[in-house]
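Subject: Structure handover

Hello,

Here is the structure we spoke about. My notes on the backbone follow below it.

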Amino acid sequence: MTTKILSFLGVFFISSIVYSQEELFSAATIPSELKYKANAVVRYNDQKIEIKAYNEILVTQKRIVTVLSKAGNSDVDAVFHYGRGIDIKNLEVKIFDAYGKELKKIKEKDFQDVSAVSGGTLYSDSRVKYLDYTPISYPYTVLLDAEIKYNSTAFLPGWRPIEGFYVSTENSEYEIINSSEVEVKIKTQNFENYNITKFNNFHYKANDLSSLKPEAYSPPFKTYAPVLKAALVEFDMVGVKGVNNNWSDFGKWMFEDLLNGTDQLPDQVKQEIKELTKDSSNDLEKAKIVYKYVQDKTRYISVQVGIGGWKPMLATDVDRLGYGDCKGLSNYTYALLKEVGVDANYAVIYGGRNIRSIDKEFSSTQGNHVVLYLPNQENGVWLECTSQTNPFGFIAGFTDDRDALIVTPEGGEIIHTTTYPKEKSTQVTKARVKLLNDGSLNGEVTIKTQGYQYALHEGIQNEEPRNQDLHFKNYWDYVNNLSITEMEFENDKESILFTENIKVSAQNYASKTGNLLLVSPNIFNRVTHIPTRYSNRTLGFEIERGFVDTDEFIIEIDESLSFDALPDAVSIDTKYGFYQFSITVLNEHEILYKRTYSLNKGNYPKEEYARFRDFVASVAKNDKAKLALTLKL
Amino acid sequence: MKKALTTLLILFLGYVQYAQDYDFGKVSKQELEEKICPQDSSANAVVLYKNEKISFEYVQGEGFMQNREVHERIKIYNKEGFHWATKKIRLYNSSASNSENLSSLKGYTFSLIDGKIEKEKLKKESIFEEEANKYWKFESFTMPNVKDGCVIEYAYRIKSPYLQIDDINFQYNIPILKYDLKISTPEYYIYNKLLNPKSSYIPKLNLTKEHNSFTINSKARSTTGGLTATKTEFSQSKTDYMDNVITINEVNIPALKDEPLVDNIDNYRAKLILELTAIKYPNKPLESFSSSWEKVTKTIYDSDEFGIQLDKTGYYEEDLEYLIAGETNVSNKITLIYNHVKSKVKWNGYYGYRTDNGVRKAYKEGTGNVGDINLILVSMLRSAGVKANPVLISTKNNGIPLFPTRDGFNYVICMIEDVNFNVLLDATNDYSTVDILPTRALNWQGRVIRENGSSAWIDLQPKVKSEETVLLNIAINTDLTVGGKVRENYTNYMAMQHRNRYANVSPDDLIKIFEKNKGEIVIENLEINNVKDVEKPLQITYEFQSNDAVEEIAGKLYFTPMLFLATSENPFKQIKRNYPITMDFPVSTKYMVNVMIPEGYEVETLPESSAVDFNNGGAKLTYVVKKSGKYLQLLVNLDLNTTLVLPEDYEYFKGFFKSSIEKHNEKVVLKKII
């Protein structure tokens, strides 16, 4: 009797789960607040991570997503990488219409199976299977069952209760079941502001999380959205066993198991580099010679196969082939520096214009790029080894101002890279122009850039003349009928200063009404974009890098013209930045226009966004200010 | 004697000066020393030599196999040219017997070190094979030791079971200094040859014949009878035949560089196209393939994935009956069926005039490629008694085919040829309507196939103007802010473009899009009407408040009456053009502006009314300004009637835009009433 009741209960229990799932197949059951500003709703996401050994993990995922509009198709997220120690055991998808009626069943063999060679990479052995489904109508719902086996466990799947912008979450659950001896580390971020239940350190559930939407100037998603990171203390990286109690450990493992022995060089190269540096008096000078040697000899080619995705190519191979990826080229440079007695460390980092740090509080496999660090130099010198043209020690715009993992024989260490404060990220524009009485102008402009602004400008020198011409026409897009008559570039890599000398002319620059000519004296450096307006700003804002622009333009007017009205000087000082301009009359026919504009790096609260926007708007307005000239009749 | 010597010497000198050894591996010091390409100083790399040989080899049991041998020598001047040292070759790879294979790859990088030529071999470690997907694989390789000034050289062979020969491109975006091509095709296969007449570079073809032969080994068993052993006899039979040979030997082929607003730069590339048009084996009748557009069209029409699909009706009969029940008006029937197909079958993003899954399956599952969807449309219309026919099309990215070939088409739409209608339909886009096709289909001409199998060209170029009509009412306030209302109307292609752009944007984000690039503005009460109602013009209305539209200089007010609607930037910035500008459709924009002058001010200067014309009405701007009491009225019309601007007209056209934009930005000056 007891058995019977029990089994009855069991049946009841099971069927109730099935029933509740079925309910989720229909779009009609979505709570209305979750539909607000959402392209898709994660109805149910249950991810179970079974850790069986340091090199064996089974991840099972059941996922139900209702897609509300075309932009939400990618939120189904039925994309599975495999190869390199990751196997797909099971994949199955069912599609339901708006009312929860099953439309289609898609098996693993019907997934698209393609090579996962990303842009910029020549070859990689990674592959991907993804769902290629054309929706018939919206909304529709996808049920996904997946089972993935990881023998390479360096990346333990984490959890994002809110998966991205414009996606809300009805139910999402994450659990790690650890039946192994290996310790698992967990870090949660920003959980406090969201409806997330913690069952224990390894088991969480989120309910009814509304979507987030992107806003201009907002800091990166992960800094305010809830995120869970997980890592194994012992792991496997494509067949190589790793240790990860902390960054020190992890770094030591990288040094011993990935780097050690890859830095041998052919004897003839050792001789050559010693010969080249023999007269150098200090390490910095030697390092510069080595850096130039590598730049002249190598180029960037990315090939990622097996552990080669993490272990650098042998220095001897880089030497012979003349190419390598960031790991190979950094390691090769490291080997050469070592040969001439200069200390250097291999450094793992996130490369990209947006600043992203290695998480110093949570050791795990992180980063997407490798550079070199010279520890014994003043303030530390960082070397980008994948560029053939970059000035020595210059990293602005790609790896500046962020935490990196330094790999040393003693262990790993987190060090912050060089920052370029606003005083060092400068742009100085000087011009001398002549304005004729038909409203046209001609003259010469010089733009000198340093720091981060150097990184923004120097690329133009390598473009073909046709594109250089178009670049300046777009750079000064508010000057119509612009002709670039001469261009000349100087790249001073020693002091990291880029100079552009440009001769220009423009017809009808001044607008003529009657015997009046209206002229904007700010010809060569205008702010034209005003930050997006939000009636209800929800996120704080960030100015990632500060800068200072200074401008001095001497404008000479034709003898038949005279100055009629000049705009008054303006000076605006805010915590976000500073702006001022002034006009000085030099003589009857010449004025000097001076301008300064700077922004201050920082994170600011959402309440201040409108004030920041007002500041930029007044800059844009003042940059358009006009003076009036009278044509003598 | 003496004379003979000098002649010899001169000859010899001349030889030294001009001789270049194009044999594989014979890279010269001069080639390595060169710092800049004399033919094109802007080139970062140059193809010093390219040799390509295409021939067919008889393989017993498999027939003629195509061999394509490529040898290239490339000079790399600087780092911007380094990517020429990496090559990715795409090969068809659907099954073992239907695959193209690359073999005999060899390569070297040559550098000059201390005046000596050194070479580094391309090895296996730098060669990669990637299975991209079900159909394609990539063979990639990257040359070792690439530095400024080096010369790379490589050669490989591609074996293919196909008789179809890929197009031969004579132009890269770097110059080719010397190109030798030899194509030998067995006499049994007849190829049509065509050089791209639109290219400004036309290579010269030489046609000859050469002897060739193949041998078949055969084995025959004979039994003499009784208990005697069987005997195997080997025999060989040799067949002689002629090869048709095309040779091309060109020097100094200029680079081909893309420009904005070119329909497809490939349409201007120097290339040789070979189309297999017939097979004639000895003692067999001639088997002829496509050789005229009529024939191509007929072949397509007769194929299983096309004409036969049009005849299937069972799968939709019930739906159709219900859909048009009681409807007698042809125009209404068309609308009903067109909308039904648009909502019933969604486009999966794939092109093709053939059906992918077949019409029945596509209809049932609700998704299909272009062929599936538009053939369903044609078929349903026909079943409803409408004279509908399919039209074969080559999309913009497929380019303009140079001669009759099935690959010349890659898309199909529907045409209704009724007494009262002569319209085109495409059901693959939610916002296309009658005669308003997705712009991908607006290329070259279409080939309509009628029910009796006959076919004819039709023009695809839109003739009807797409209109933008904007009504702007503004009032200048005493604090110099400007408030106003805007009403915008879009028709035809303009309406489709705006629908595609705005349909999936939330109202919140729409305001941000509209506020963008309008200076210090606040937009409110933004409404977009008729987004789904595609038969009607798309209508957008909003109110705004602008803080930076009026400038006060020395007590006078200056403003552009078109405010933020004025075009401020000339879209044509290039100094000169090499290729025509192609625009999709003719456009007519009308701006009607009413300005209320603020209290206490009067007009000092108004812009002059005027008209600007390009190429006798090809484009036209009219600008009319009037004052009546407290109000200013402005009427600005810009018509772009032409959709093609030739390079020789470019400067004139750019000048037209310059004048138009200057007119757009002219200012009204107000002064205080004293």
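In which strand of chain B is the place of B:N525? B:N525 is in strand 25 (residues 521–529) of chain B; helices (H or I, at least four residues) and strands (E, at least two) are DSSP runs, numbered from the N terminus.

This is a predicted model, in which local features need pLDDT of at least 70 and side-chain atom pairs count only at pLDDT 80 or more, while totals for chains, interfaces and linings use all residues. Residues are numbered from 1 along each chain as its sequence is written, and chains are lettered from A and ligands numbered from 1 in the order in which they are written.

Most residues other than glycine have a negative phi, and most peptide bonds are trans. B:N525 has a positive phi, near 50°, and counts as exposed because it has 10 C-beta neighbours inside 10 Å. The cut-offs, with C-beta atoms placed from the backbone, are: buried at 20 or more other C-beta atoms within 10 Å of a residue's own, exposed at 12 or fewer, partly exposed in between.

B:L480 also has a positive phi, near 70°. B:L480 lies in the loop between strand 23 (466–476) and strand 24 (482–490) of chain B, and its 16 C-beta neighbours inside 10 Å make it partly exposed.

In chain A, the loop between strand 8 (127–130) and strand 9 (140–150) holds A:P139. The peptide bond from A:Y138 to A:P139 is cis, with omega near -5°.

Helix 8 of chain B

Of the 14 residues in helix 8 of chain B, 12 are buried, including B:V370, B:D372 and B:N374. Just after helix 8 of chain B, B:G385 has a positive phi of about 85°.

Regards
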